[in-house]
Amino acid sequence: MGEMSLGAAVACLGAAVWLLGGRNSGARRAELLLAGGGSAGAGPPDWWQMVRELRRLRGRLRAEWWAPVIGLALAVLGSSVLPVVAGAAGVPVLRRVRLAREVRRARERRGEAVIALCGALAGEVRAGRQPGEALLRAARDSGGLGEAQAAVLAAARFGGDVTGALASAARQPGAEGLSGLAACWRVAVDHGAGLAAGLDRLEGVLRAERDQRADLCAQLSGARSTVVMLAGLPALGLLLGAAMGAEPLRVLLHTGAGIGCLTVGGLLEGLGMWWALRIVRGAEAT
């Protein structure tokens with residue numbers, strides 16, 4: 001057990017040195033030596049430089065990679081390799097959660113850009129510009145077309161199928177409002193209807209839907225907080241047990257009953273979190 005603890009400690013130290021140093025540590029060391037006249041290592045430590053290095057480390061280290069770091073720390077404290085295995089297994093799960101969060105934020109930003117595009121286009125049309133020129137100006141200012149912006153702008157500039165390009169752009173997550181813009185464009189071009197009036201109605205509808213989603217997220221924030229609190233209760237129990245001198249890590253990691261309880265508890269914890277998040281996502285979808 002002593003050799004295992006020593007090995008885990010060495011692994012932690014090596015990981016910390018690599019993360020803090022990085023690939024460009026030699027170049028940074030050379031810059032410090034040249035800037036300080038070769039006496040950078042002779043003075044007291046630069047605490048601000050250490051803070052900057054820690055901030056750079058936090059920005060470079062993704063959230064999922066904290067799982068093996070915590071696993072290594074628990075392995076050192078508990079003299080067991082099980083926390084390392086659990087931390088490594090948590091990396092893909094946390095990566096999936098992070099990517100899903102990034103996709104959700106990108107969808108929200110794209111929806112906001114579509115609303116801004118409708119408002120800017122309505123203003124350009126009221127200013128007396130032709131629909132094609134107005135779309136070029138509004139798209140350049142708002143960026144609501146996303147990855148399909150080049151196709152839509154090319155269609156607007158050279159007299160192509162703007163309606164089809166907008167309908168294709170509406171397939172992007174969060175850009176569903178562009179389908180309404182395509183319908184307004186088709187009606188205005190084919191039947192001579194007022195484009196600005198239709199865009200005003202479309203912008204109002206999109207804003208109402210956005211506000212409704214924001215209100216729903218605010219109402220569900222309490223449920224999410226409850227899920228996070230319940231997920232952290234086992235860690236609180238371990239801390240309380242350690243404070244009382246019960247040695248919970250030794251019991252959980254070095255006895256058969258403890259390993260069984262840890263396995264069953266981990267499965268129930270994961271199942272409970274999955275079920276609670278499923279209920280929250282179901283409410284959001286509804």
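These legends describe close-up views of a predicted model.

**Figure 1. The protein is built from twelve helices and zero strands.** Along the sequence, the pattern reads α-α-α-α-α-α-α-α-α-α-α-α. The protein has 286 residues, and 27% of them count as buried. Contacts between residues at least 6 apart in sequence were also sorted by separation. Of these contacts, 57% join residues at least 24 apart.

**Figure 2. Leu145, Leu166, Leu178 and Leu181 touch the most other members of the largest nonpolar core.** This core holds 33 residues. Helices H5 (82–126), H6 (131–142), H7 (149–157), H8 (162–169), H9 (177–191) and H10 each supply at least two of its residues. In soluble globular proteins, nonpolar side chains tend to be buried together. Beyond its neighbours within four places in sequence, Leu166 is in contact with Leu145, Val152, Leu178, Leu181, Ala182 and Trp185.

Figure 3. Gln149, Val152, Leu153, Ala155 and Ala156 of H7 are buried. Gly159 follows the helix, and its phi is positive, near 75°.

**Figure 4. Helices H4 and H5 meet with their axes within 7 Å.** H4 spans residues 66–78. The two axes cross at roughly 170°, so H4 is roughly antiparallel to H5. From H4, the contact takes Ala67, Pro68, Gly71, Leu72, Leu74 and Ala75. From H5 come Pro83, Val84, Gly87, Gly90, Val91 and Leu94. By class, nine residues of this contact are nonpolar, three are polar and none is charged.

**Figure 5. Helices H10 and H12 come within 10 Å, axis to axis.** H10 covers residues 195–243, and H12 covers residues 256–285. Their axes cross at roughly 180°, so H10 is roughly antiparallel to H12. On the H10 side are Leu216, Leu220, Ala223, Arg224, Val227, Leu230, Ala231 and Pro234. They meet Glu269, Met273, Ala276, Leu277, Val280, Ala283 and Glu284 of H12. Twelve residues of the contact are nonpolar and three are charged, with no polar residues.

**Figure 6. Glu124 is a buried residue of helix H5.** Its relative accessible area is 15%, under the 20% cut-off, so Glu124 counts as buried. Setting aside residues up to four places away in sequence, Glu124 touches Arg129, Ala134 and Arg137.

**Figure 7. Arg104 is a partly exposed residue of helix H5.** The relative accessible area of Arg104 is 40%. This value falls between the 20% and 50% cut-offs, so Arg104 counts as partly exposed. Arg104 and Gly174 are 70 residues apart in sequence. In space, their C-alpha atoms are 8.7 Å apart.

Technical notes
Residues numbered from 1 in each chain as written. Predicted model: local features only at pLDDT ≥ 70, side-chain atom pairs only at ≥ 80, totals over all residues. Heavy atoms only, no water. Axes fitted to C-alpha atoms, helices over the stretch in contact; angles between N-to-C directions. Helix = DSSP H or I, 4+ residues; strand = E, 2+ residues; numbered from the N terminus. Parallel < 35°, antiparallel > 145°, perpendicular 65-115°, else oblique. Contact = heavy atoms within 4.5 Å. Nonpolar A, V, L, I, M, F, W, Y, C, P; charged D, E, K, R; others polar. Core = buried A, V, L, I, M, F, W, Y, C linked by side-chain atoms within 4.5 Å. Buried < 20%, exposed > 50% of the residue type's maximum accessible area, 1.4 Å probe, protein only.
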